[in-house]
Amino acid sequence: MSFSIFGLTFYFYGLIIAVAIFIAVYLIEIKSKKLDISEKYFWNLVFWILLGGVIGARVWHLITDFHLYVDNFWGIFKIWDGGLSILGAIFGGVLSLRLVSRGSRIKHVLSLSNVSGMTLWVVLDLAIFGLPFGQAIGRLANYFNQELYGWPTNLPWAIYINPENRALRFKEFGYYHPLFAYEALATFSF
């Protein structure tokens with residue numbers, strides 16, 4: 001599902017993911033300020049973690065769904081056509097953070113060499129204040145692309161899945177459990 005403004009097309013899925021990232025980073029930033037982490041240091045880390053996260057999200061998808069790109073090499077680079085994985089984003093972000101925090105050249109470029117007390121573990125501890133909220137909000141985006149749903153059901157809160165998005169063995173059913181919403185609610189409840 002999408003909408004257009006001034007000739008630009010925006011997809012609800014991408015918009016919700018962007019809001020999820022914004023809220024997660026905002027919550028982490030609040031906590032980092034309480035720990036007196038410099039704003040410059042914080043935003044440098046955010047840049048590298050987000051960059052690593054996007055790359056990791058795409059690489060994970062390519063590994064798990066490479067069959068989609070065997071005859072479509074240039075499709076590998078079209079992230080706007082879908083194919084990002086939250087697991088890959090987490091691994092990519094952590095790997096990027098690890099590289100940034102360990103590499104002396106990168107530390108110098110980022111002006112991180114004189115930051116005391118900041119370790120990989122401190123940054124990961126900070127991340128826990130925002131990532132669950134981002135994950136829960138991001139899962140709601142699955143409603144718009146109809147990729148994360150459960151078994152067929154007749155419950156009042158069932159969601160309709162278009163025939164082209166249904167699993168082959170359940171093609172005859174129209175309504176399914178909103179698995180993405182269950183995950184979002186479970187995440188918010190912790």
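Let's start with a pair of helices: the axes of α6 and helix α8 (residues 179–189) come within 8 Å and cross at roughly 160 degrees. Axes here are lines fitted to C-alpha atoms, for helices over the stretch in contact, with angles running from 0 to 180 degrees between N-to-C directions. Angles over 145 degrees count as roughly antiparallel, so that is the label for α6 and α8. The model is a predicted one, where local features need pLDDT of at least 70 and side-chain atom pairs count only at pLDDT 80 or more, while totals for chains, interfaces and linings use all residues. Residues are numbered from 1 along each chain as its sequence is written, and side-chain values use heavy atoms, with hydrogens and water left out.

Back to that pair. α6 passes α8 in a left-handed crossing, meaning that the near helix is turned anticlockwise from the far one by less than a right angle. On the α6 side, P132, F133, Q135, A136, I137 and R139 make the contact, and they meet F180, E183, A184, T187 and F188 of α8. Contact means heavy atoms within 4.5 Å. Sorted by class, the α6–α8 contact has seven nonpolar, two polar and two charged residues. For that sorting, Ala, Val, Leu, Ile, Met, Phe, Trp, Tyr, Cys and Pro are nonpolar, Asp, Glu, Lys and Arg are charged, and the others, Gly among them, are polar.

Now step back to the whole chain. There are eight helices and four strands, taken as DSSP runs numbered from the N terminus (helices are H or I, at least four residues; strands are E, at least two). Along the sequence they read β-β-α-α-α-α-α-α-α-β-β-α. The C-alpha trace spans about 60 × 40 × 35 Å along its principal axes. Of the 190 residues, 33% are buried (buried is under 20% relative accessible area, exposed over 50%, partly exposed in between, with a 1.4 Å probe and protein chains only).

Helix α1 (residues 12–34) is worth a look. I16, A20, A24, V25, I28, E29 and S32 are its buried residues, and their cover includes α2 (39–64), α5 (120–127), α6 (131–139) and α7 (142–145). Just after α1, D36 takes a positive phi of about 60 degrees.

Finally, find W157 in the loop between α7 and β3 (159–160). W157 is partly exposed, at 47% relative accessible area. Leaving aside neighbours within four places in sequence, W157 touches H177, P178 and Y182.

Technical notes:
Parallel < 35°, antiparallel > 145°, perpendicular 65-115°, else oblique.
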